[in-house]
Amino acid sequence: MDGISVKTPYSENQCRHQDVLLDHELESAVEDVLSSTPVVDMHTHLFSPSLGKLGLWGIDELITYHYLEGELFRSSDITPERYFALPKQDRADAIWRALFLENTPVSEATRGVVAVLKAFNLPTDGPDLSEARAFFATQNVHTHIRQVLRMAGVSAVVMTNDPLDRDEFPLWINGIDNDTNFQPVIRLDRILREWSEPWDLLASLGYAVDAQASGRSIPELRRFLADWYKRMRPVYMAVSLPDSFQFPDDTPRGKMLREAVLPACQEFDIPLSFMIGVRRQVNPRLRLAGDAVGKADLRAVENLCRDFPENRFLVSVLSRENQHELCVYARKFNNLMPFGCWWFLNNPSIVEEITRERIELLGTSFIPQHSDARVLEQVIYKWRNTRATMAPLLAQSYRLLTRDGRPVRKSDIQRDVKRLFRSNFEQWTNHNHS
Ligand code: FIX
Ligand code: ZN
């Protein structure tokens, strides 16, 4: 060994203070803290009970998750047209047969279903879904939601609420009970992605907007956002964008972002979330499973962060190739909060790579993960997997730190995990979900 000793200063020396953790104690201490710290799940597609049927749960929804639909057509001859013509239970049966019986469910999404079944003590390799169906049919949705969130170690989930969705709109107009476990978010995709579609819907609701976003469109869009801010009290506003997203640009989207959405977020003192890099409907036959990924030009993020220093941005990028530059931009702009390993990135191998990179470049000043759950019980496996991937990573960072000469105590780990999985988000949104 040449020169540098890698002995920890505390492993053999007598002067170790009682609560300083030894190398071999670090990983179990991290696991302990991770499992006892409830997380804020800062982006999901789940809904509070008062949004009624919008909320998906139970075995048939779990099995027909679009992540699994994407895998079905690789392992079955059924065409998307025939599959989507089936009733939901028959779709679930087709997926169970193809991905769980005729093949071994080793992919991330299929393992997730297995983990949920196991969590409820249901058969994981049964010939059909009858027992699971019978179990979920007897659950009371309110107590089931509380139980699932407890099992997942989640104290609050953040929803995705679309004020222009034909099913969701009337529910909000009639009034929604405030539920501290479910935080609203105004999703702006319809408005910012394809203005040619929603503008006349807005016009029919009494807002004087036009197809070119000209005339009174901007102040009227601000009035719309203010009305919905008052109605929903969202923790942030959000939009998902294609890999081709540019800012600034001269399109209605660029203008609405600059003149309506960013000033509205500033006025209400809430962040704007950008999820960048999705190429929608590259294969429309697959419906929700038909979206893909593209590498984006993150100069758009640079321009936003620099030109709007009073705004706070939550940013997730879908392309693996964009991850490193996102970290670099976060080092340049403290109004930028990278978050999550989104969608196709939410696999242990990639989460590990991205999270390591983020810790090395940003310390604990980022939000490692959101679940993106669409079906309630998914939070059980998604958060379990996140904790399992995170534990050795954090332990390794503390091991390196110890070797560099800084003792690590359990209180350090508690502070860091709380910051990563709760307070970075809470501070960014000015809310306290404790
Ligand atoms: O745009 C989004 O919020 C995406 O997360 C979804 O649209 C996507 O379908 C998804 O479920 C990814 O996990
Ligand atoms: Zn999502």
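Predicted model: local features only at pLDDT ≥ 70, side-chain atom pairs only at ≥ 80, totals over all residues.
Residues are numbered from 1 along each chain as its sequence is written, chains are lettered from A and ligands numbered from 1 in the order in which they are written, and side-chain values use heavy atoms, with hydrogens and water left out.

User: Which residues are around ligand 1?
Analyst: A residue counts as near a molecule if one of its heavy atoms lies within 4 Å of it. By that rule the residues around ligand 1 are His43, His45, His66, Tyr67, Arg187, Ser240, Arg280, Trp342, Trp343, Asp372 and Arg374.

User: How do the residues of the shell around ligand 1 divide by class?
Analyst: Ala, Val, Leu, Ile, Met, Phe, Trp, Tyr, Cys and Pro count as nonpolar, Asp, Glu, Lys and Arg as charged, and the others, Gly among them, as polar. The shell around ligand 1 then has three nonpolar, four polar and four charged residues.

User: What is the distance from an oxygen atom of ligand 1 to an N or O atom in the side chain of Arg187?
Analyst: A polar contact is a pair of N or O atoms within 3.5 Å; within protein, one must be able to donate a hydrogen and the other to accept it, and residues adjacent in sequence count only if both atoms are side-chain atoms. Arg280 has a polar side-chain atom 2.9 Å from an oxygen atom of ligand 1, and for Arg374 the distance is 2.9 Å. For Arg187 the distance is 2.6 Å.

User: What percentage of the area that ligand 1 exposes when taken alone does the protein bury?
Analyst: Accessible areas come from the Shrake-Rupley method with a 1.4 Å probe; for residues, only the protein chains shown count as cover. Ligand 1 taken alone exposes 320 Å². The share of this that the protein buries is 98%.

User: Where does ligand 1 sit?
Analyst: On a 1 Å grid over the protein atoms alone, a cavity is a set of points where a 1.4 Å probe fits but cannot get out, and a pocket is an open set with protein on both sides within 12 Å along at least five of seven lines; lining residues have an atom within 4 Å of a point. A molecule sits in one of these if more than half of its atoms lie within 2 Å of its grid points. Ligand 1 sits in the largest pocket.

User: How much space lies in the largest pocket?
Analyst: Grid points are joined across faces, edges and corners, and a volume is the space filled by probe spheres set on the points. For the largest pocket this comes to about 1,400 Å³.

User: Which residues that line the largest pocket are the closest to its centre?
Analyst: The lining of the largest pocket divides into 12 nonpolar, seven polar and 19 charged residues. Of these 38 residues, the closest to the centre are His45, Asp165, Arg190, Leu288 and Arg374.

User: Which element gives the largest share of the lining of the second largest pocket?
Analyst: The second largest pocket has a volume of about 370 Å³. H16, H17 and helix H18 (410–429) each give two or more residues to its lining; helices (H or I, at least four residues) and strands (E, at least two) are DSSP runs, numbered from the N terminus. The largest share, eight residues, comes from H17.

User: Which element gives the most to the lining of the largest cavity?
Analyst: The search finds three cavities of 30 Å³ or more, and about 60 Å³ of space lies in the largest. Its lining includes Tyr67, Glu108 and Asn385. Four residues of that lining come from H17.

User: Which residues line the second largest cavity?
Analyst: About 40 Å³ of space lies in the second largest cavity. By class its lining has two nonpolar, five polar and one charged residues. They are Glu108, Asn346, Asn347, Pro348, Val351, Asn385, Thr386 and Thr389.

User: Is the peptide bond from Phe247 to Pro248 cis or trans?
Analyst: Most peptide bonds are trans. Pro248 is in the loop between strand E5 (236–241) and helix H13 (252–268). With omega near 0 degrees, the bond from Phe247 to Pro248 is cis.

User: What is the phi of Trp343?
Analyst: Most residues other than glycine have a negative phi. Trp343 is in the loop between strand E10 (336–338) and H16. Although Trp343 is not a glycine, its phi is positive, at about 60 degrees.
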